[in-house]
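Please look at the sequence and the structure first, then read the points below.

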Amino acid sequence: MESPQKTKTGLNLPAGMNQTSLRLETFSSSFRGISTLSSPSKSTCSDRFIPCRSSSRLHAFDLQDKEPTTPVKEGGNEAYSRLLKSELFGSDFVSNSLSPAGGGGGQGSASSPMSPCTSNMLRFKTDRSNSSPCSPFSPSILGNDNGLSSDSSPPPKPPRKVPKTPHKVLDAPSLQDDFYLNVVDWSSQNVLAVGLGTCVYLWSASNSKVTKLCDLGPNDSVCSLQWTREGSYISVGTSHGQVQVWDGTQCKRVRTMGGHQTRTGVLAWNSRILSSGSRDRNILQHDIRVQSDYVSKLVGHKSEVCGLKWSHDDRELASGGNDNQLLVWNNHSQQPILKLTEHTAAVKAITWSPHQSSLFASGGGTADRCIRFWNTTNGHQLNSIDTGSQVCNLAWSKNVNEIVSTHGYSQNQIMLWKYPSMAKVATLTGHSMRVLYLATSPDGQTIVTGAGDETLRFWNVFPSVKMQTPVRDTGLWSLGRTQIR
């Protein structure tokens, strides 16, 4: 017969050992170990160390196997939450948080300082540039990096349309092809003055009426024109070196002033002083309120003076010459306060900014081709742009912060620039010869250009001050021509 111990336990026990001496311990569902056999008087030893899970930061390595304990708020949107986490922390964070090993409640909740930023700890950064978008708001779809909808930012402003053809063309026979002359000017009363040979003609832009102002005779010719700022009087520089002042409304000569030895190629008015530049290399300051021909003489150029412009506040006068020099003068000295020698060709084109004081631009001839910007406060050159062609004229718009330039060799183009980026707004062509003359209408919207091809062309290039809207293309007007005399 079988012994009682075998019937109970199914084990054959040695003599002297009972069932209580055998201890069976279970550590987990997948591992069982048997403790050492010992007498009741000896302590139990284990050969494995089992750490305390409550003191381990398993959430930092996505090792927790607990289910999320934080309840979802009533009315919450799990899909939106996953989408937001994906855009903020990447797709890896979302996949980890959804997997059984992802961090949930307890120490792995959003309130922990180690989550969610540590979910990518010791991982390679995922390159999403070549992968498919993980959401409809992916940056690869919107083309931006912030992952936000494009509706949140205003749409880009469309470029302003500039008509490519002139809206009016005037025939101007005997318009000289001479780089050093300045025989076109537009008054504040909307009257255009043009010097053609020995005569000066006035064209009214309001009614297209043409009036002959004067004829200098067969032994003289018109070299320069300049209206006063009020638009009532016009000064005329002659090839004999005289400076005449005429009443534009009465067509009557008011004053004749001498002083130059040869032709007067450029004139510039400020509020009360008329400055004249000549081939004799001198600049004369005329005051029609006094009897003398001129009140002061500015000597500094070594060749013909061909560029002359007063600043809008009447404080500074910029002059350019065929000696490649650009000089700046003030009212208190007969010596230039600045001598700028960066140009490598004659400087005829000069314009002052109506939007910022002490800022002006100058343009160089064929060997230079650059538009340069200057700060007269410190004499520094601010910028230089190579236009690719001879710079004949510059005009700074009073309506917008843009500049128009006219060019000669070799492209004979008209260019519109945005300041200060100097991005090209438009390039206009139409003249077959150098665009030597430029003037701006009183409203600041239209420019007129003249060339040796004996034409004057009117272009709508600038918006109005109030509307700032694109001007209409009225190119059909260019089909017909009007003769200015």
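Tyr-80 is found in helix H2 (residues 78-89); helices are DSSP runs of H or I of at least four residues, strands are runs of E of at least two, and both are numbered from the N terminus. The model is predicted: local features need pLDDT of at least 70 and side-chain atom pairs count only at pLDDT 80 or more, while totals for chains, interfaces and linings use all residues. Residues are numbered from 1 along each chain as its sequence is written, and side-chain values use heavy atoms, with hydrogens and water left out.

**Surface patch**

- Tyr-80 is exposed, at 53% relative accessible area; exposed means over 50%, buried under 20%, and partly exposed in between (1.4 Å probe, protein chains only).
- Tyr-80, Leu-84, Leu-88 and Phe-89 make up a nonpolar surface patch with about 420 Å² of accessible area together.
- Such a patch takes residues with over 30% relative accessible area and no salt bridge, joining nonpolar side chains (Val, Leu, Ile, Met, Phe, Trp, Tyr) within 5 Å and like charges within 9 Å; areas come from the Shrake-Rupley method with a 1.4 Å probe, and for residues only the protein chains shown count as cover.

**An open sheet**

- An open sheet is formed by 4 strands in the order S12-S13-S14-S15, with antiparallel pairing; two strands pair if DSSP finds at least two bridges between them.
- Its edge strands, S12 (264-269) and S15 (296-299), each pair on one side only.
- Strand S13 (residues 274-278) pairs with strand S14 (residues 282-286) over 4 bridges, and Ser-276 has Leu-284 in S14 as its bridge partner.

**Salt bridges**

- The structure holds 12 salt bridges, each being a side-chain nitrogen of Lys or Arg within 4 Å of a carboxyl oxygen of Asp or Glu.
- Asp-287 forms a salt bridge with Arg-272, with the closest N and O atoms 3.9 Å apart. Asp-287 is in the loop between S14 and S15 and Arg-272 in the loop between S12 and S13, so the pair ties together parts 15 residues apart in sequence.
- Asp-287 is buried, with a relative accessible area of 7%, whereas Arg-272 is partly exposed at 47%.
- Glu-304 and Arg-279 meet in a salt bridge at 3.6 Å, N to O. This pair links distant parts of the chain, 25 residues apart: Glu-304 is in the loop between S15 and strand S16 (305-310), and Arg-279 in the loop between S13 and S14.
- Glu-304 counts as buried at 7% relative accessibility, while Arg-279 is partly exposed at 42%.
- Glu-304 and Arg-279 also belong to a network of salt bridges with Asp-178 and Arg-263.

**Backbone exceptions**

- Most residues other than glycine have a negative phi, and most peptide bonds are trans.
- Asn-190 has a positive phi, near 70°, and lies in the loop between strand S4 (184-186) and strand S5 (191-196).
- Glu-454 has a positive phi of about 65° and sits in the loop between strand S29 (446-451) and strand S30 (455-460).
- The peptide bond from Tyr-409 to Ser-410 is cis, with omega near 15°; Ser-410 is in the loop between strand S25 (402-407) and strand S26 (414-418).
- Tyr-419 and Pro-420 are joined by a cis peptide bond with omega about 10°, and Pro-420 lies in the loop between S26 and strand S27 (423-428).
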